[in-house]
Amino acid sequence: MQNLIELNKNDLEAFVAEDLKLPRFRAEQIWQWLWQKRVRHIDGMTNLSKPLRERLMSMATIQWPEIARVQQSKDGTIKLLLRLGDGKLIETVLIPMQDRYSQCLSTQVGCAMACTFCNTGLLGFERNLSYGEIMGQILVGRQYLEDQNMNPLKNLVFMGMGEPLLNLETLLKVLNDLPCERGLSLSWRRSMVSTVGFPDKLKILGKLEVALPAISLHAPTQELRAKIMPKAAKVHLNDLMAALKTYPMRPRERITFEYLLLKDVNDSLEQADQLARLVDRRKGKINLIAYNAVEGMPYGAPERGKVEAFEKRLWDHGLTAFIRRSMGSDIKAACGQLKADEQQ
Ligand code: SF4
């Protein structure tokens, strides 16, 4: 049985033409039912004739990831634990903004990068998510917000479980289909791909102009990065920064650098100076995130005063830097805390 949400736009067109032997407009209709109207049953596609729906039902189905658990934080952040078709669990997080929500999406089950401050990294890598499993998170998120009469979903960040650029082929299919007007209608300008940074893959992303990257930097020197992100640091920091220099951007666009402040590890003023030397202030901006201490992990939360002093020092160097509110820490939905586990 073909799960229809596993077919990207091109594949759905091919399926309709070759397997169903139907004209192209039928693919458009089915696409709209799946992604814009969010039907869960083929029988709900009421502009297809009954015999056609029956034929389609004999060949295909619609299977969304299933919500296994919902947790809501005091700050309004919502974490959904989702069960996939093979029983694997992933998490997606809905983050309240002023008048809308932003959704943090997972791209892999577990992660191979093993960053030492990250819960997902501890799980190790299990598998890549499929097209339908990534897009399905958006369907579930949108539906959840609508059912609860909450603000609409407008922004996406590929910042959940996994390293998106290690699932690049599927990620590109997803990014390609996001803006489709009869589909999800989400602009990629409102989408951000968070990565530890692979120069060859960043080049592909940049060439296609389908998303802006957010680089998980977290250390201002190669030496420290190798300690806290040993696998990511296999790409030397100099090579990463050189690749970013040529990343195609429009005027006023900047690359975001994510910097997770870990107590007494990377939060000193000297390290702020080093960071300012590393990042080109005309092309980059810095998001500072104060780490939330997690039981069993070897890091502590930085002191508020130190976080503020770090931010100020970056501004003194002429850099744009903001302390990001760490959302959902009480439900373990903040950066580095995702760990799909029904026991937690
Ligand atoms: S921080 Fe990101 S890249 Fe590093 S282990 Fe966690 S999920 Fe993977």
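This is a predicted model: local features need pLDDT of at least 70, side-chain atom pairs count only at pLDDT 80 or more; totals for chains, interfaces and linings use all residues.
Local features need pLDDT of at least 70, side-chain atom pairs count only at pLDDT 80 or more, and totals for chains, interfaces and linings use all residues. Residues are numbered from 1 along each chain as its sequence is written, and side-chain values use heavy atoms, with hydrogens and water left out.

**Overall fold**

The protein has 11 helices and 14 strands. These are DSSP runs numbered from the N terminus (helices: H or I, at least four residues; strands: E, at least two). The radius of gyration is 21 Å, close to the 20 Å that the globule rule gives for 344 residues, so the protein is as compact as a globular protein of that length. That radius is taken over C-alpha atoms, and the rule is 2.2 Å times the number of residues to the power 0.38. The C-alpha trace spans about 70 × 45 × 35 Å along its principal axes.

**Helix pairs**

Two packed helices are described by the angle between their axes and the distance between the axes. Axes are lines fitted to C-alpha atoms over the stretch in contact, and angles run from 0 to 180 degrees between N-to-C directions.

| Pair | Angle | Axis distance |
|---|---|---|
| Helix 1 (residues 9-19) and helix 2 (residues 24-36) | about 130° | 9 Å |
| Helix 2 and helix 5 (residues 131-147) | roughly 60° | within 10 Å |
| Helix 10 (residues 269-278) and helix 11 (residues 304-316) | roughly 35° | within 9 Å |

Helix 1 and helix 2 are therefore oblique. Oblique covers what is left after roughly parallel (under 35 degrees), roughly antiparallel (over 145) and roughly perpendicular (65 to 115). Helix 1 brings Lys 9, Leu 12, Glu 13 and Val 16 to the contact (heavy atoms within 4.5 Å). Helix 2 answers with residues including Arg 24, Arg 26, Ile 30 and Trp 31. The contact has six nonpolar, no polar and five charged residues. Nonpolar means Ala, Val, Leu, Ile, Met, Phe, Trp, Tyr, Cys and Pro; charged means Asp, Glu, Lys and Arg; the others, Gly among them, are polar.

Helix 2 and helix 5 are also oblique to each other. Here Trp 31, Leu 34 and Trp 35 meet Tyr 131, Met 135 and Leu 139.

For helix 10 and helix 11, the contact includes Leu 269, Gln 271 and Asp 273 on helix 10, and Phe 310 and Arg 313 on helix 11. By class it has seven nonpolar, one polar and two charged residues.

**Ligand shell**

Cys 111, Met 113, Ala 114, Cys 115, Cys 118, Gly 121, Gly 162 and Val 196 surround the ligand, each with a heavy atom within 4 Å of it. Six are nonpolar, two polar and none charged.
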